[in-house]
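This briefing goes through one protein model, topic by topic. Please keep the sequence and the structure in view while reading.

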Amino acid sequence: MCGCMHSSRDQALHLEGDPSLSAAPPSTLAPRKMPKSVSISKQLASIKALKKGSDLEKAIATIALIFRNSSDPDGKLGKAIAKDLLQTQFRNFTEGQEAKPKYKDLLSELDKHTENKLDFEDFMILLLSITVISDLLQNVWSVKIMN
């Protein structure tokens, strides 16, 4: 599909927002310290183009960052990680959907995915598909937008 890939440049850009993190490889002689992960909000704040970005742009950037933070070095998500993200980061959209045939079909398609991994495009399609069938979307549509 889209073939999103991580690169050393992506990693450097990812780390440039926090001076305590270094893109340089750790010494093989020193014990390796794992850096604390940088919150999504701090990652978003470090993207200059989003300083004056719209809510929609920030929403899509948030999805992209969550995907990238969870993906492997090839920019792919394993099925187990994708399902975990659905349960932890998309819980309000997936709750109560388990018995619906369309939801079961989506998860079945995920299980049948031949590569055993999802690229960003596949992940976005999955999120959008779940959103469209979710009960939460119906609640969103019913929100009063004018006084």
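What covers the buried residues of α3? The cover includes α2 (40-45), β1 (77-78), α4 (79-89), β2 (117-118) and α7 (120-133). The model is a predicted one. It holds eight helices and two strands, and the points below start with the whole chain before moving to its parts.

**Overall make-up**
- Read along the sequence, the elements follow the pattern α-α-α-β-α-α-α-β-α-α.
- The protein has 147 residues, and 27% of them count as buried.
- Its accessible surface is about 10500 Å², with 59% of that belonging to carbon and sulfur atoms.
- Of the contacts between residues at least 6 apart in sequence, 66% join residues at least 24 apart.

**Helix α3**
- Helix α3 covers residues 55-70, which makes 16 residues.
- From its first C-alpha to its last, α3 reaches 23 Å, close to the 22 Å expected at 1.5 Å a residue.
- The buried residues of α3 include Ala61, Leu65, Ile66 and Phe67.
- In an α-helix there are 3.6 residues a turn, so residues three or four places apart point the same way.
- Isoleucine 60 also belongs to α3, but counts as partly exposed because its relative accessibility is 38%.
- The C-alpha atoms of isoleucine 60 and methionine 124 are separated by 9.5 Å, while the two residues are 64 residues apart along the chain.

**Strand β1 and leucine 77**
- Leucine 77 sits in strand β1.
- Is leucine 77 buried or exposed? It counts as buried, because its relative accessibility is 0%.
- Leaving aside residues up to four places away in sequence, leucine 77 touches Phe67, Ser70, Ser71, Ala82, Leu85, Asn116, Lys117, Leu118 and Phe123.
- One of these, Phe67, is among the buried residues of α3.
- Leucine 77 and aspartate 119 are 42 residues apart in sequence, and their C-alpha atoms are 6.5 Å apart in space.

**Salt bridges**
- How many salt bridges does a search of the whole structure find? The search finds three.
- Side chains of opposite charge can pair when their charged atoms come close.
- Lysine 117 pairs with aspartate 72, with 2.6 Å between the closest N and O atoms. Because lysine 117 lies in strand β2 and aspartate 72 in the loop between α3 and β1, this pair ties together parts that are 45 residues apart in sequence.
- Aspartate 72 is buried, with a relative accessible area of 17%, whereas lysine 117 counts as partly exposed at 33% relative accessibility.
- Lysine 100 and aspartate 135 meet through their side chains in a salt bridge of 2.7 Å, N to O. Lysine 100 is in the loop between α5 (91-94) and α6 (101-112) and aspartate 135 is in helix α8, so the pair ties together parts that are 35 residues apart in sequence.
- Lysine 100 counts as partly exposed at 27% relative accessibility, and aspartate 135 counts as partly exposed at 37%.
- Glutamate 95 forms a salt bridge with arginine 91, where the closest N and O atoms are 4.0 Å apart.
- Glutamate 95 counts as partly exposed at 45% relative accessibility, and arginine 91 counts as partly exposed at 41%.

**Helix α5 and threonine 94**
- Threonine 94 is placed in helix α5.
- Its relative accessibility is 5%, so threonine 94 counts as buried.
- Apart from residues up to four places away in sequence, threonine 94 touches Leu86, Tyr103 and Ile130.

**Annotated region**
- An unreviewed UniProt entry lists residues 56-95 as "domain: S100/CaBP-9k-type calcium binding subdomain".
- Over residues 56-95 the chain is 75% helix and 5% strand, and the end C-alpha atoms are 23 Å apart.

**Segment after α8**
- Which residues make the nonpolar surface patch of about 380 Å²? The patch is made by Val143, Ile145 and Met146.
- Isoleucine 145 is in the segment after α8 (135-141).
- Isoleucine 145 counts as exposed, because its relative accessibility is 77%.

Definitions and conventions: Residues numbered from 1 in each chain as written. Predicted model: local features only at pLDDT ≥ 70, side-chain atom pairs only at ≥ 80, totals over all residues. Heavy atoms only, no water. Helix = DSSP H or I, 4+ residues; strand = E, 2+ residues; numbered from the N terminus. Expected span 1.5 Å × (residues − 1). Buried < 20%, exposed > 50% of the residue type's maximum accessible area, 1.4 Å probe, protein only. Contact = heavy atoms within 4.5 Å. Patch = residues over 30% accessible without salt bridge, like charges linked within 9 Å, V, L, I, M, F, W, Y side chains within 5 Å. Areas by Shrake-Rupley, 256 points an atom, 1.4 Å probe, with all protein chains shown as cover. UniProt positions renumbered as here; feature names shortened; annotations may be inferred.
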